[in-house]
Protein chains: 2
Amino acid sequence: MPYYIGDVIKDSRKLVARTPEKFRETGIEVFTETRVGTVDIKEQAVLTEDGKKLPFDFLVFGTGTRAFTPGMPGEDREGVFVLKGLSDAIRIKQLLQDTPCRRAVIIGAGFIGLEMSEAFREAGIETTMVHRGTLPAARWDPELSRPILEEMERHGVAFLPNTRVTSIEPGSDCRNRLNTSAGPLEADIILLALGVRPDVDLARESGITLGPSGAIAVNFAQRTCAENVYAAGDCCESYHRVSGRWVNIPLGDIANKQGRVAGSNIGGDPMTFPGIVGAQSFKIFGLEAAAAGLSEREATAAGFHPVSTILWGNSAARSMPTAKRVGLKLTADRGTGKLLGVQAVGEAGAVSRVNTLSAALWAGMSLEDVAYLDLAYSPPFGGAWDPIHIAAQGLLRKL
Amino acid sequence: MPYYIGDVIKDSRKLVARTPEKFRETGIEVFTETRVGTVDIKEQAVLTEDGKKLPFDFLVFGTGTRAFTPGMPGEDREGVFVLKGLSDAIRIKQLLQDTPCRRAVIIGAGFIGLEMSEAFREAGIETTMVHRGTLPAARWDPELSRPILEEMERHGVAFLPNTRVTSIEPGSDCRNRLNTSAGPLEADIILLALGVRPDVDLARESGITLGPSGAIAVNFAQRTCAENVYAAGDCCESYHRVSGRWVNIPLGDIANKQGRVAGSNIGGDPMTFPGIVGAQSFKIFGLEAAAAGLSEREATAAGFHPVSTILWGNSAARSMPTAKRVGLKLTADRGTGKLLGVQAVGEAGAVSRVNTLSAALWAGMSLEDVAYLDLAYSPPFGGAWDPIHIAAQGLLRKL
């Protein structure tokens, strides 16, 4: 009989299923509120902390990530949150409902911090983002993260760059006071949005090999170093088709795919996960931001000789009233002429162009192919020369 | 000294440049209002009807297309138009300004007819579309052209399917009366939107070889059968990367690319046009329609064994208020599992998905690749499983 070991909230040792009854109906035994003590790979059994021994033929680690917290004094105060799981979201909503919240401080400028800045502003809360770097959205280069910052500021998000946080203590004006290298900030709600780390404690203690990224090492079948043990999702690595490296990019779509591949292999239907190209996107107020492939820094680290171009073009033909500016950065390898990466930001058309180029990256296309790619042209959706073509042709001249 | 032979309005024998002065400034001699009588390929000279002899080292045919007209009585009446060139558009606009137009009839249900039905409706004109087929937009299969028809009807366009036109005569209630197999239709303006044919008379008379499509045969360098004679744009063929056939698909983006390739080769910088995948799109009221690759019929004709699936999914994650329904039809080859074609229709997200799959078609991807393609997932722009993935996985099960 299969056990459900999957939807883990906050702590990988606590097995929680959202609807245990639904699983039981399909013949899957579910243990909620149950912490795993040890996994005995040789004996093929999971030992729970409350003394149950669950033998297995196959085991899947789907332990996900933990939100990173800096470990500063006052992190555990009321009104201080991470946003990792559903329960965090519920607790944040509850606080906003139960108590008056005038000011929020977000520490960190990644996906979660950015998306939450919009959510806070829409709830009418004064919002400040504190970031140790210069610009938000580190995955995007300055030419494109600057417009992201401008969009945030246009919508009333204050941004404190190059700022370190040191401690949280009781506030005078608001519930909490965050002490930073730029002085104290009062806030009713403080969100620690400093990224996540793969939750691999249990796997490591079980003797499962981790990869260089710190996540669980798997092969193309999602199998770990142990014969009958698989891993899928944010806790494990993925093969990056552009860099040829195994990386940890915790995203929901990758997790979904890997889970399916692991399940198929366990069920006896051999299947491989063909890897990723690092495609990702987010929305911030009226702006789309998307990226795929490698940044210049990543490209250099992978041994390529990157050369890039930035183009500001139109999402539709210039003659169309619906046309919006879209910024497109392409990176290619000087040696081979291969496309290595793309970043895009704009009010419209950024995600769609990155998706098109994700397919190009997946296929290992050269810049010459990209420069003459056949796209579904009509004026409401692009120019006869799309920004993709113009950027690729511009970059070809630099090779 | 180069002569400008290019922007031809209505008749390929009339050389018209929009801004002859601009061309002359760059050292290009322009002959407007000048008809070419013959081209002597051996002598390397163009002879104009008014007696000029223009010798050339290189010649480019950029003669485009002519609008097809059925040749029925009354076609030349006032208020009867084709829409091929800028001058046609100006004359139609002029008529709408100068005389009251209450009713329009459009004959034909392709791109031009569809787009003009929206333009007429927006000008407040009662609009009827007469079509010899059952559904509009023949490039799209019935599952997707039916929603296109519904969108038109929702916006007040009357559609007469399976109807043949026979003649145009003076109307009683309106300027003209169109006689059809479904009875007479009164209209102030009648648009013949029955498609275009490559304008190849001059090329054929010069001894230039035409391809099986009836358009000028060219090689990958855009060269015709004659050493120094090139052709680019709607008047010539393109290599279709999916069917492996040379086809004539008159679209502005293809013409732009081919013109650049021809020019580069003539200028001494060797270049090839890598071909097309038949990507195309149009907007009709609130609907996007796009397609790429081969339809089932085209796939069968090319020797494939097509199998298709239709999926109605969401343009964004289902939880997002911005999510719209998008219909996606994928066609693959039963023998090789290769993706052969895609069609999409929806209020949002149809063109972007076709563009992503255009890149996949360009690269010759298999359905297995498409089913696990890495796309820039976030809820405002798609589900963790995009309609692309779901459709491809569904189709994989049918192979």
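Tutor: A contact here means heavy atoms within 4.5 Å. This is a predicted model, where local features need pLDDT of at least 70, side-chain atom pairs count only at pLDDT 80 or more, and totals for chains, interfaces and linings use all residues. Residues are numbered from 1 along each chain as its sequence is written, chains are lettered from A and ligands numbered from 1 in the order in which they are written, and side-chain values use heavy atoms, leaving out hydrogens and water.

Let's pick T65(B), which sits in strand β8 (residues 65-67) of chain B; strands are DSSP runs of E, at least two residues, numbered from the N terminus. With a relative accessible area of 5%, T65(B) is buried (under 20%, using a 1.4 Å probe and protein chains only). Setting aside neighbours within four places in sequence, T65(B) touches K84(B), V196(B), R197(B), P198(B), D199(B), D234(B) and P250(B).

Now for a sheet in chain A: an open one of three strands, ordered β13-β14-β15, with antiparallel pairing (two strands pair if DSSP finds at least two bridges between them). β13 (165-170) and β15 (183-187) of chain A are at the edges with a single partner strand each, so one side of each has no neighbour in the sheet. Five bridges tie β13(A) to β14 (residues 176-180) of chain A, and V165(A) has T180(A) as its bridge partner.

As for the chains, 100% of chain B's interface residues are also interface residues in chain A, so the copies meet through the same surface.

Methods:
Helix = DSSP H or I, 4+ residues; strand = E, 2+ residues; numbered from the N terminus. Buried < 20%, exposed > 50% of the residue type's maximum accessible area, 1.4 Å probe, protein only.
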